[in-house]
Amino acid sequence: MDFNYSDEQKLLIDSVERFIQDDYGFDTRRAILKSDEGFRRDLWQKFGELGWLAVPFAEEDGGLGGTPVETMIIMESFGRGLVVEPYLSTVVLAGGLLRAGGTPAQRETVLPDLMAGGLIVAVGYAEPTSRFNLADVSTTATATGGGYVLKGRKSVVLHGPMADKVIVSARTSGGQRDEAGITLFLVDAGAAGVTRQDYPTVDGLRASELVLDGVAVGADAVVGEVGSGFLLLEKAVDEATAAICAEAVGAMEVLHKATLEYARTRVQFGQPIGRFQVIQHRLVDMYIAYEQAKSLAIMANLKLDAPREERRRAVSAAKVQIGKSARFVGQQAVQLHGGMGMTDELNVGHYFKRLTMIETLFGNTDYHLKRYAA
């Protein structure tokens, strides 16, 4: 694949990489995860000052008019640094919904604060019984005189604990698994009737179980068209899936390099273990798995604006390969580091945990293999 970055994209890579190197070391990340909020608001605002939060938004909305390639660049670098701030949920997922379906008033009131780092928006799309089916929605939105009343429950709302607003899917018509009849609503996280149960995920990030008990919203809270939210949500989730594929590529690159360096310096039987042929074969297999994942992640991000079926197949193909490569690279890295690979003090286990979560997020390998073949 002939793929070269433009001069502007190279500057973006340099900007994010320098931040990761200078301001987001492993010890800094561990301290952030142990904090009450689970992220640093000052760093989030710095992301806004650096322009990273404005990258995917249109220039007429105050954004930088970037393409999925720029988002891929940022997410790959975030994967190298294991960044925990809510870029995926707020900018990629919620931002994708507002960019494609937000009303002029919503874009005018929400996006400037979001891009400046003053507003965090999460998305509640999963429910306890829905697994990976975006159309499986039992949360209801009942029309009232001037708006709607929401009632239901959303599961694993990523970055829900720190969210100021949440975009939720609810059914305004149709059966529980119908694609038609789903509507998206922009809800204040502190609105009457909204309750949360917050918890850390396996990789140290934060999520919430969200209960909507008679939450009243106006008609101006609708994102997109009434009853037509499924296709909007599906495209935003595909964009987010392609973004975490890039994040996984960055994490795998770090694991391969760290394992290679360890094999060069760890001495056993009087010589570095990297001189043993069996170790060399393992390292080569790790590199091949990483390169395969990187190629398909690039393809998925380049296909995000393609027709629906072409986009879905490209994203699912990448997610399948990411799942296989991430598991292999993570397991090999932990095993070759020996007992150290499982300790909290070494970053290897933390990368493996994040890769394990990415394998499940937005559909696991089996789910995307079936979607690709359908």
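The questions and answers below concern a predicted model. Residues are numbered from 1 along each chain as its sequence is written, and side-chain values use heavy atoms, with hydrogens and water left out. Local features need pLDDT of at least 70 and side-chain atom pairs count only at pLDDT 80 or more, whereas totals for chains, interfaces and linings use all residues.

Q: On which side of helix 1 do Gln 9, Leu 12, Ser 15, Val 16, Phe 19 and Ile 20 lie, and are they buried or exposed?
A: Helices (H or I, at least four residues) and strands (E, at least two) are DSSP runs numbered from the N terminus, while buried means under 20% relative accessible area, exposed over 50% and partly exposed in between, with a 1.4 Å probe and protein chains only. Gln 9, Leu 12, Ser 15, Val 16, Phe 19 and Ile 20 of helix 1 are buried. They cover an arc (taken from the directions from the helix axis to the C-beta atoms) of only 125° around the axis, which puts them on the same side of helix 1.

Q: Against which helices do the buried residues of helix 1 pack?
A: Asp 7, Leu 11, Gln 21 and Asp 22 are exposed on the other side of helix 1. Counting contact as heavy atoms within 4.5 Å, the buried residues of helix 1 pack against helix 3 (41-49) and helix 4 (68-81).

Q: What is the geometry of the aromatic pair formed by Phe 19 and Tyr 24?
A: Rings of Phe, Tyr and Trp (its six-membered ring) pair if their centres lie within 6.5 Å, and planes under 30 degrees apart count as stacked, over 60 as edge-to-face and the rest as tilted. The structure holds 13 aromatic pairs, and in the one formed by Phe 19 and Tyr 24 the centres are 5.8 Å apart with 45° between the planes, so the pair is tilted.

Q: How far apart are the end C-alpha atoms of helix 8?
A: The expected span of a helix is 1.5 Å times one less than its number of residues. For the 26 residues of helix 8 (residues 277-302) this gives 38 Å, and the end C-alpha atoms agree with that expectation, being apart by 38 Å.

Q: Which helices do the buried residues of helix 8 pack against?
A: The buried residues of helix 8 include Ile 279, Leu 283, Met 286 and Tyr 290. Their packing partners are helix 4, helix 7 (229-265) and helix 9 (308-336).

Q: With which residues is Asp 305 in contact, leaving aside its neighbours within four places in sequence?
A: Asp 305 lies in the loop between helix 8 and helix 9, where it counts as exposed at 62% relative accessibility. Its C-alpha is 8.8 Å from that of Pro 68, although the two are 237 residues apart in sequence. Leaving aside neighbours within four places, the contacts of Asp 305 are Pro 68 and Lys 235.

Q: What is the helix content of residues 227-371?
A: UniProt lists this span, in an unreviewed entry, as "domain: Acyl-CoA dehydrogenase/oxidase C-terminal". The end C-alpha atoms of residues 227-371 lie 23 Å apart, and the span is 3% strand and 78% helix.

Key. UniProt positions are given in the numbering used here, feature names are shortened, and annotations may be inferred rather than shown by experiment.
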